[in-house]
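Good morning, and thank you for coming. Please look at the structure on the screen while I describe how its parts are joined.

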Amino acid sequence: MIPIASVNPVAKLGAGLIVSLFLLATIDWVSATTALVLELAIIAFFGIEPKRFWLRTLPVWLAAPLTALTILLYGRYDGTVYFEFLLIRISDGSIELALATFLRVLAIGLPAVVLFISIDPTDFADGLAQRLRLPDRFVIGALAAVRMVGLFLEDWRSLELARRARGVADRGRVRRIAGQGFALLVLSIRRGSKLSIAMEARGFGGDTPRTWARESPWGQAEWLTLLVGLLVGVTATVVAVLTGSWNLIVG
Amino acid sequence: MTTTASSSTSTPTKPGSRFQWRVIDIVVASVIGVASGLIFVVWNIASVPALAPFAALLPGLQAIGGGFWLFAGVLTALVIRKPGAAIYGEMVAASVSALIGNQWGVLTLVSGFTQGIGAEIVFAAFLYANWRVSGAILAGAGAGLAMAITDLLLWYPGSALPFIIIYTIAAVVGGMLIAGLLSWFATRGLAATGALNRFGAGREIAKRV
Amino acid sequence: MRGLDLRIEPGERVLLLGESGAGKSTFLHALAGVVGDDEGETEGSLLVDGEHPAAHRGRTGLVIQDPDSQVILERVGDDVAFGCENLGVPRDEIWLRVRDSLAAVGLDVSLDRNTSALSGGQKQRLALAGVLAMRPGLIVLDEPTANLDPEGVTEVRDAVIRVAESTGATIVVVEHRVSVWSDVVDRIVVLAAGGGVIADGAPADVLARQGKELAARGVWIPQYPPPRPVRAERGPQHTLLSARQLTVGRSNHALGAPLELEILSSHALAITGPNGVGKSTLALTLGGLLPPVGGAVVASPALAGGAGEHPIRWKSRELLTRIGTVFQDPEHQLLTSTVRAELEVGPRALKLPDSEVDARVDELLTRLRLDRLAEANPFTLSGGEKRRLSVATALATRPQVLVLDEPTFGQDSRTWSELLALLARLVDDGSSVIAVSHDLDFVAALADSTVVLE
């Protein structure tokens, strides 16, 4: 098993970005398939429960065929045209593009979801501020807001029940959800204002340079993670170039 | 520690810079970003069935629903009124969406960044002084245009010209209505609840009433 | 707030009193240096150790009322360390201070413990530990125990006193409930609503001189308890709702053992018990808002009136005249942009004629002293006004059963006794009231029977 959970989140983010950039340079089924096969082989060693894997990656499995369908129907045509209706034109060219798109969405989406499952927001923020040197006031502000997600979800449930209690939950679903969304925004800004007072009172945003109670680790595991991302991207590109299917897209 | 409070001397009020981020700006911008990110997550899934009829009606028209991924930047900027607020709000929301997991993976961050820039450029062009409905709608359009460019490059390379044109127009219109107009109404509503009393957006409305 | 002249000596423990709107919170925030220079107007000077408070950020610690809004990070250790990081304390030193501070406030949990899993009292002590780790000379507390159950109140009060004794820090606390602090502070200062100081001195003296006046303005003074309602003769009682082998919970996870309950007309039932045993969940289940995990909530024919015997299956509109629910946080129930429109929501959903809607709304506005605020945005009301509004919205549709979750939480004594009088009259007139409450005085004054959950 690969202990991916303990790797610095910044390295995971970097690896995902590297693979994505290689895949973005081309649209062909060979590079996407190569990357996907390598990724799945690596993911198999992460030791993720199958149920959790399918649940979290579900959006990717839904979106891939739909994006491909759009390309199939409206993609650039080439070769034999099999079907034509208004703007729809299915051809050899659009079929090939659609297949490539399907595989590419999977190859970009799946590893990102899997790498992000194990990310702890606090470690991520530490990495962003200490390793990437992003401005610490903003990184920590965002981290403090992320911690409030649990409160937002509780608020949302209460807002829902409260609408039933007020006698307005029988009809007008869309309007009701919009109203709840607005109420949640009011509540969250109120909480945010109070939180900012608490943070400011604890010296946040002052002129003293900040120290860090936790060190954001960076060592062999992190370099290795980036290297694996690079290898996957390079292998996919090389295989595609060798088989002659690699095509640089610019616009 | 001795603490004294007295009215004997008078300190003139020192106004902070209009462009400087206070702690409350950072925290509330983050909170709006995170809350918007949760709406993105819901829309990531709900948009698939919701936009299918649009795509069937006219290819590319589905981009009109993209506005629900664009409002975070405009809304944050309208509330906070500081340089960078549009980019920051949209980036935080995109990060939440990516961390929870979606179909666009790491590239969600790229989209968030470009969409934020699209809105930011408009606010900057007005020297961060137009927070009226016109500014909001134009910023929404900017975000929509940025989204169209990014999406067509990243996800629909190899699409035919009619699709490109329709997609771009739909994205801009969706941006204007949902990200622009809706955010402007939301900001007004927020100001009326008193939640923005410590912000320029809130004080302005309070004065008018 | 204006015209305040005050001098607080090192090591003093001061309780600050005054009616709502006297600017107590503003003063505390100013002491902690967190009122922005670009906001509002300042005149005069406020000096901590002879300097502007902002220069002392970190030397002054602030604990606020809402436990959830001052937890900053996810892990207990990180949260306590936050202030030290901002002050630039070296890493090794930070963790020493974190351990010391947690020990000083008596919070004996692992450093990796998730902060959202803590109780209200624990969260407040966590905030105090975070302040303490910065080694402050002055600690200001803004109603630190107002949102806590009785055990939480004692926990936090004792922790504050322990900290003051061991560090010698100056303490300034604002609280409505005087009895919590009167025995442990050296001095009470009473602020006037318009500005300035009304009284200043030893607790016993100030309370003797000003107690009656303060009590009339909503401050809780032990010697002057708020008036309690005189109860009227009540008619015969009959069953409206019953809980049969009821277990409650969220997402099918049952809290506690099965319950048998009879909810009677002309009867007030109180539900009490420690945090986390499912009191609120029980209230929402009895209110027909959450489905039971096991057993059933059954409405009598007299209550159901043709709507079926299970309240959870009723339509939202059918609940209105049968069971009203008042949530712990009034803001969760707000739907519109004016107080008047808020009161009209229920009657309009029932399709009552305009004249009847107006009559009911006007009557409630007057009865609950909200008439002056009819056109105000409900979110802008004070805590007590919001509470009265949320009760009024439920009363507007005249439900036979009224369920309330912690109705007296954080209220001043004036709103407290108004609420009590209102609810007592409802019960006397034949309604059934179910109240979840930590507030033992409230329970003693209202309840005809009490269920203690464990």
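**Contacts between chains and between domains**

Between chain A and chain C there are eleven salt bridges. Please keep in mind that this is a predicted model. As a general point, side chains of opposite charge can pair when their charged atoms come close.

One of their salt bridges is formed by Arg75(C) and Asp123(A), with 3.5 Å from N to O. On the side of chain A that touches chain C, the elements that give two or more residues are α5 (121-130), α6 (136-147), α7 (149-165) and α8 of chain A. Of these, α8(A) provides the largest share, eleven residues. By class, that side of chain A consists of 23 nonpolar, seven polar and 18 charged residues.

How many residue pairs are in polar contact across the interface of chain A and chain C? The rule finds 31, counting pairs with both residues at pLDDT 80 or more.

The size of an interface is often given as the accessible area lost when the parts come together. For chain A and chain C, the buried area is about 4900 Å², and carbon and sulfur atoms give 52% of it. In chain A, the residues that lose the most area to chain C are Arg164(A), Arg166(A) and Arg202(A), which together make up 20% of what that side buries. The contact involves 48 residues from chain A and 65 residues from chain C.

I now turn to individual salt bridges. Over all chains, a search of the whole structure finds 39 of them. In one, Glu215(A) pairs with Arg91(C), and their closest N and O atoms are 3.8 Å apart. Why does this pair join two chains? Glu215(A) lies in the loop between α8 (173-201) and α9 (220-242) of chain A, while Arg91(C) lies in helix α3 (residues 91-104) of chain C, so the pair joins two chains. Glu215(A) counts as exposed because its relative accessibility is 53%. Arg91(C), at 31% relative accessibility, counts as partly exposed.

Asp25(B) and Lys82(B) form a salt bridge, at 3.8 Å from N to O. This pair links distant parts of the chain, 57 residues apart: Asp25(B) is in helix α1 (residues 23-57) of chain B, and Lys82(B) is in the loop between α2 (71-80) and α3 (85-100) of chain B. Are these two residues buried or exposed? Both Asp25(B) and Lys82(B) are buried.

Finally, let us consider chain C by itself. Its domain assignment gives domain 1 (13-216) and domain 2 (239-452). Taken over C-alpha atoms, the centres of the two domains of chain C are 34 Å apart. Ten residues of domain 1 of chain C are in contact with nine residues of domain 2 of chain C. The two domains of chain C bury about 820 Å² between them, with 43% of it on carbon and sulfur atoms. Of the area that domain 1 of chain C buries against domain 2 of chain C, 42% is supplied by Asp149(C), Pro150(C) and Arg177(C), more than by any other three residues.

Arg177(C) also forms a salt bridge with Asp439(C), the closest N and O atoms being 3.7 Å apart. Between domain 1 and domain 2 of chain C, the count is one salt bridge.

Key: Residues numbered from 1 in each chain as written. Chains lettered and ligands numbered in written order. Predicted model: local features only at pLDDT ≥ 70, side-chain atom pairs only at ≥ 80, totals over all residues. Heavy atoms only, no water. Salt bridge = Lys/Arg side-chain N within 4 Å of Asp/Glu carboxyl O. Helix = DSSP H or I, 4+ residues; strand = E, 2+ residues; numbered from the N terminus. Buried < 20%, exposed > 50% of the residue type's maximum accessible area, 1.4 Å probe, protein only. Domains from an automatic or database assignment. Contact = heavy atoms within 4.5 Å. Buried area = accessible area lost by both parts, 1.4 Å probe. Polar contact = N/O pair within 3.5 Å; in protein donor to acceptor, adjacent residues only side chain to side chain. Nonpolar A, V, L, I, M, F, W, Y, C, P; charged D, E, K, R; others polar.
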